[in-house]
Amino acid sequence: MDIKKILEYQDKDKKVINLERKLSSSEDLKIYQSMLNVAKDAQARSANLDKNAEDVINEYNSLKKAFEDNQNILDNLEKRDLKNLDEKAIQEIKEITNKVVSNLNYLEKKIMAQADSVKKILDEFDNTKKRYGVAKAKHADHKQKYELEKQKLEPEIQKIQAELKELEKGIDKELLTRYKAKRTDKFFPIFVPLRGASCGGCMMELSKAQIEKLKKNGILECENCRRYIYLED
Ligand SMILES: [Zn+2]
């Protein structure tokens, strides 16, 4: 098996891998992707606040209704002519009045607390909106910078890729298929030499039987790191 051609190919492909790594580790890419999450979080928070606001407003309305009901009771009591009532009836009216007044005081406090909650929600809504705006602007800015960087590197990548395409013609089809199936920027190099009795990728020592198999077949897939081990001349 002629391994030289695929090694030459891998050597050139390394330049593409390095350019790809440069792009994928770009600070601008990291920032613009993280801003996407910030914007998404802010959107989710806004939806939550919407729901909270609805609950608070419903609560506020029912408190207001209770307040009005008590106010009406009090108004009606005040309209009553107390002249013809006996002591017991007057006492009863006094008790009801006291209770209603106490209800009104309680409800007033609750209504004020609710109004405070509404204000807090509105403030947070405002802050969330600002956060979203900042994240969106930062996202757009860094995305543009990343795209520019990409545009700058793209011709270089394409040039090497054209050269690789040329090289492919002379490479054993099976080796090339194996190579392409494993190629990612995290999994590189794909073909590694035997170092002593160990895999040149992960340094795991091979058994005698495995080395025999390698000698017989020309390449051997490492059981540990899944790279292809070859014999150096
Ligand atoms: Zn290995």
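Hi everyone, let's start with helix 1, residues 4–24: its 21 residues reach 30 Å from the first C-alpha to the last, close to the 30 Å expected at 1.5 Å a residue. The expected span here is 1.5 Å times one less than the number of residues. Helices (H or I, at least four residues) and strands (E, at least two) are DSSP runs, numbered from the N terminus.

Before I go on, a word on the model. It is a predicted one: local features need pLDDT of at least 70, side-chain atom pairs count only at pLDDT 80 or more, and totals for chains, interfaces and linings use all residues. Residues are numbered from 1 along each chain as its sequence is written.

Back to helix 1. There is a kink of about 25 degrees in it, centred on Asp13. The bend at a residue is the angle between axes fitted to the seven residues ending there and the seven starting there. Asp13 is also one of the buried residues of helix 1, along with Ile6, Tyr9, Gln10 and Val16. By buried I mean that 20 or more other C-beta atoms lie within 10 Å of the residue's own; exposed is 12 or fewer, partly exposed is in between, and the C-beta atoms are placed from the backbone. So what covers those buried residues of helix 1? The cover includes helix 3, helix 4 (173–182) and strand 1 (191–195).

Next, helix 2. With 53 residues, helix 2 reaches 76 Å from its first C-alpha to its last, close to the 78 Å expected at 1.5 Å a residue. Its buried residues are Tyr32, Met35 and Ala42, and what covers the buried residues of helix 2 includes helix 3.

Now look at the loop between helix 2 (27–79) and helix 3 (87–168), where you will find Asn84. Is Asn84 buried or exposed? Asn84 counts as exposed, because it has 7 C-beta neighbours inside 10 Å. Lys83 sits in the loop between helix 2 and helix 3 as well, and Lys83 is exposed because 5 other C-beta atoms lie within 10 Å. Here are two distances from that loop. For Lys83 and Ser198, 115 residues apart along the chain, the C-alpha separation is 111 Å.

On to the domains. The assignment, from an automatic or database source, gives domain 1 (15–171) and domain 2 (190–230). Their C-alpha centres lie 57 Å apart.

Phe188 and Pro189 are joined by a cis peptide bond, with omega about 0 degrees.

Two strands pair if DSSP finds at least two bridges between them. Strand 1 and strand 2 run antiparallel and are joined by 2 bridges, with Leu194 opposite Cys199 in strand 2. These two strands form a hairpin with 2 residues between them, and Gly196 in the turn has a positive phi of about 65 degrees. How do strand 1 and strand 4 run, parallel or antiparallel? They run parallel, joined by 3 bridges, and Pro193 stands opposite Tyr230 in strand 4.

I'll finish with two backbone angles. Met203, in the loop between strand 2 and helix 5, has a positive phi near 70 degrees, in a residue other than glycine. Met203 is partly exposed because 13 other C-beta atoms lie within 10 Å. Arg226, in the loop between strand 3 and strand 4, has a positive phi of about 70 degrees although it is not a glycine. Arg226 counts as partly exposed because it has 13 C-beta neighbours inside 10 Å.

Definitions and conventions:
Two residues are in contact if their C-beta atoms, placed from the backbone, lie within 7 Å.
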